[in-house]
Amino acid sequence: MLHRNLELKLAAVLVALVLWVYVMVNTNVAEKAFRVDITATQIPRDLALSSQLGEATVWLRGSKEDLEAATERVQATALPINPHAGRTTAAVEPLHPPELTLVRVNPSEITMDLEEVVTRAFEITCELRGEPSPGYILGDPRLRPSMAEITGAKSTVDSVNRVVVRVDAASAMLGQPQSGVVKALTATGRAVSGIQVEPQTAIVVVPVEHSVASKILPVFVSFRGQVEGGYRVAEVGVEPSLVTVAGDAAAVKSLTSVSTLPLSLRGVSSSFARRMQLVVPESVASMSETTVMAVSYTHLTLPTKRIV
């Protein structure tokens, strides 16, 4: 009985085994669509891409495990068929792990715009962000290098309005050279992409100066009018004779002395003392008040400054 129809029994077992293998394999095989950005490749060096390439959908078949692991490994490249300046056709070629099988890709062709590559030189300017600490001012930044070269598609390079490197004012206060990224910007301040900037960084040195200064200056008395007939101003005593002024550094630096408001001599025939206000620029303040003592004689012993 066991040997009867043995060949049929073996064939039945073999068919069952094949069916089991087929079912097991196919239950683990699937298809998956991957949506990826298209990137350009093999573009001649004298041409540059000036258009967006969009996305492609790549369908792959393989084991579920391999499909799940391939998410970051699927790409789509656009290869120009006949590259030249202007609009040209490119074939979309998917890249995927070798253990997966390509089913299809959509689109299989796209159009791209290629332009002549140009290089232009721009002066690098420094933009300071923030404000310096109170009592300090920042001078004109010095950059090294001072020029940058922008390379890319002509229309993209044409959109560059200025090239800048940005430095925080707080960092500049340290008085040490600062390194910043060189950026190409449009007229509205938007960063320009798709270009090559050389150099990519620049060194910035920002002079730091005190915005407030102080100085000790002599006091001179200004006069207005004439003393009584037969009298002359013989001596003028000023107390204190030196005063301290403080304020805007540039204004303080320009001062060599401080004068009082004009002292009237009209009808004066005897000595007198008077507290006078000092005259200083609006951005400067004096730290003292001045008392002026004028003594009248019939002879002149010291020259004085007079305002008529």
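Glu-99 forms a salt bridge with Arg-73, the closest N and O atoms being 3.4 Å apart, where a salt bridge denotes a side-chain nitrogen of Lys or Arg within 4 Å of a carboxyl oxygen of Asp or Glu. This pair links distant parts of the chain, with Glu-99 in the loop between β5 (86-95) and β6 (101-106) and Arg-73 in the loop between α2 (64-69) and β4, 26 residues apart. The model is predicted, so that local features need pLDDT of at least 70 and side-chain atom pairs count only at pLDDT 80 or more, whereas totals for chains, interfaces and linings use all residues. Residues are numbered from 1 along each chain as its sequence is written, and side-chain values use heavy atoms, with hydrogens and water left out.

By the salt-bridge rule the count comes to ten. Among them, Asp-158 and Arg-120 meet through their side chains at 2.3 Å, N to O; this pair joins helix α3 (residues 154-158), which holds Asp-158, to strand β7, which holds Arg-120, across 38 residues. Salt bridges with shared partners connect Arg-120, Lys-154 and Asp-158 into one network. Helices (H or I, at least four residues) and strands (E, at least two) are DSSP runs, numbered from the N terminus.

Asp-158 counts as partly exposed because its relative accessible area is 37%, the class lying between buried (under 20%) and exposed (over 50%), with a 1.4 Å probe and protein chains only. Arg-87, which pairs with Asp-113 in a further salt bridge (2.8 Å, N to O), is exposed at 58% relative accessibility, whereas Thr-186 is buried at 7%.
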